[in-house]
Amino acid sequence: GFENYSELLIWDTRFVYAVIRTVLISVICLSLEFSFGLALAVLFLREFRGKSLLFSAFLTPMMILPVVVGYIFWMLFQFNGPINQVLEFCFGAGAMAEWFRNAPFAITAVIATEVWHWTPLFFLILLSGLNSIPENPVRAAVILGANPRQVFWRVVLPMLKPVIIVAFVIRSMEIVKLFDEVFMLTRGGPGSSTETISLYIYKLAFNDFQLAYGAAAAFIVLVGSLVLIHLLLTPVRNQLLEVGR
């Protein structure tokens, strides 16, 4: 009953830390994915040799199943794996890391996996938004003497705001469910240092067989996600209402 909710929110520190950890990973991942995706989208506005081939290559990670991505990066981050080999070649043997035995390194591995997997989503959405921006405001700004940087920050980016919000909403709904990559990489370890809220609910329901308690935790996450989506979509709704008037 309601005792499950009170215990989760007040006494279950593992649940609270899982929520905080998920939010932290989400904020870092979304920031990096947006930055890289926007940079790639701006780059692909220009014509250059091999553009179509690179476009397909950059979209490929998004098409791979999350469990496959998790397994691939689990192999890459092994102590004798390619990433440590590159670090050893560039900086010496002291740069090699035990990625899954140290909490900061494990979280870094999870973030790197997520960013590689889902940056293409931001790239695709932002590129579509940039291609749909009307040319007249940009030309007017250039005629009035604005340099390319001013055109981008004061004309293009504000017009891209609804597209950016939609991209964040879509990606936020996905990253709250972050499970496959973490399960394949760390199983939530070392300890519970990389345990996301989805992984914690999975362990409650299917490892500890606390189905009602896990369902209460899932319902809290659902309500929190709905509130977050409402807050993110409010600016878009207000803008659409202003356009309608």
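In the predicted model, F209 is exposed, with a relative accessible area of 66%. This residue sits in the loop that links α11 to α12 (211–244). Although F209 is not a glycine, its phi is positive, at about 60 degrees. A second residue with this feature is R187, which is not a glycine either and has a positive phi of about 55 degrees. R187 belongs to the loop between α10 and α11. Most residues other than glycine have a negative phi, and most peptide bonds are trans. The peptide bond between G189 and P190 is cis, with an omega of about -5 degrees. P190 is likewise part of the loop between α10 (180–185) and α11 (197–207).

The chain as a whole contains twelve helices and zero strands. Read from the N terminus, the order of elements is α-α-α-α-α-α-α-α-α-α-α-α. Taken along the principal axes, the box filled by the C-alpha atoms is roughly 65 × 55 × 25 Å. The chain has 245 residues, of which 38% are buried. Where contacts join residues at least 6 apart in sequence, 70% of them are between residues at least 24 apart.

In soluble globular proteins, nonpolar side chains tend to be buried together. The largest nonpolar core in this model has 26 residues, and the members that touch the most others are L38, F123, L126 and L160. Two or more residues of this core come from each of α2 (13–43), α3 (51–63), α6 (103–131), α8 (148–159) and α9 (161–175). Of these, α6 gives the largest share, with eight residues. The surroundings of L126 can be listed residue by residue. With neighbours within four places in sequence set aside, L126 is in contact with F34, G37, L38, A41, L160 and I164. Another core lies apart from the largest one; it has 17 residues, including V69, W99, A109 and L185.

Two packed helices are described by the angle between their axes and the distance between the axes. For α2 and α6, the axes come within 6 Å and cross at roughly 45 degrees. Because this angle falls in neither the parallel range, under 35 degrees, nor the perpendicular range, 65 to 115 degrees, α2 is oblique to α6. The crossing of α2 with α6 is right-handed. The residues in the contact between α2 and α6 comprise 20 nonpolar, two polar and two charged ones.

A further helix pair is formed by α8 and α9, whose axes are 4 Å apart and which pack at an angle of about 55 degrees. This pair is therefore also described as oblique. On the α8 side the contact is made by L157, P158 and M159, and on the α9 side by K161, P162 and I164. By class, five residues of the contact between α8 and α9 are nonpolar, none is polar and one is charged.

How values were computed: Residues are numbered from 1 along each chain as its sequence is written. This is a predicted model: local features need pLDDT of at least 70, side-chain atom pairs count only at pLDDT 80 or more; totals for chains, interfaces and linings use all residues. Side-chain values use heavy atoms; hydrogens and water are left out. A nonpolar core is a set of buried Ala, Val, Leu, Ile, Met, Phe, Trp, Tyr and Cys residues joined through side-chain atoms within 4.5 Å. Buried means under 20% relative accessible area, exposed over 50%, partly exposed in between (1.4 Å probe, protein chains only). Contact means heavy atoms within 4.5 Å. Axes are lines fitted to C-alpha atoms, for helices over the stretch in contact, and angles run from 0 to 180 degrees between N-to-C directions. Angles under 35 degrees count as roughly parallel, over 145 as roughly antiparallel, 65 to 115 as roughly perpendicular and the rest as oblique. A crossing is left-handed if the near helix is turned anticlockwise from the far one by less than a right angle, and right-handed if clockwise. Ala, Val, Leu, Ile, Met, Phe, Trp, Tyr, Cys and Pro count as nonpolar, Asp, Glu, Lys and Arg as charged, and the others, Gly among them, as polar.
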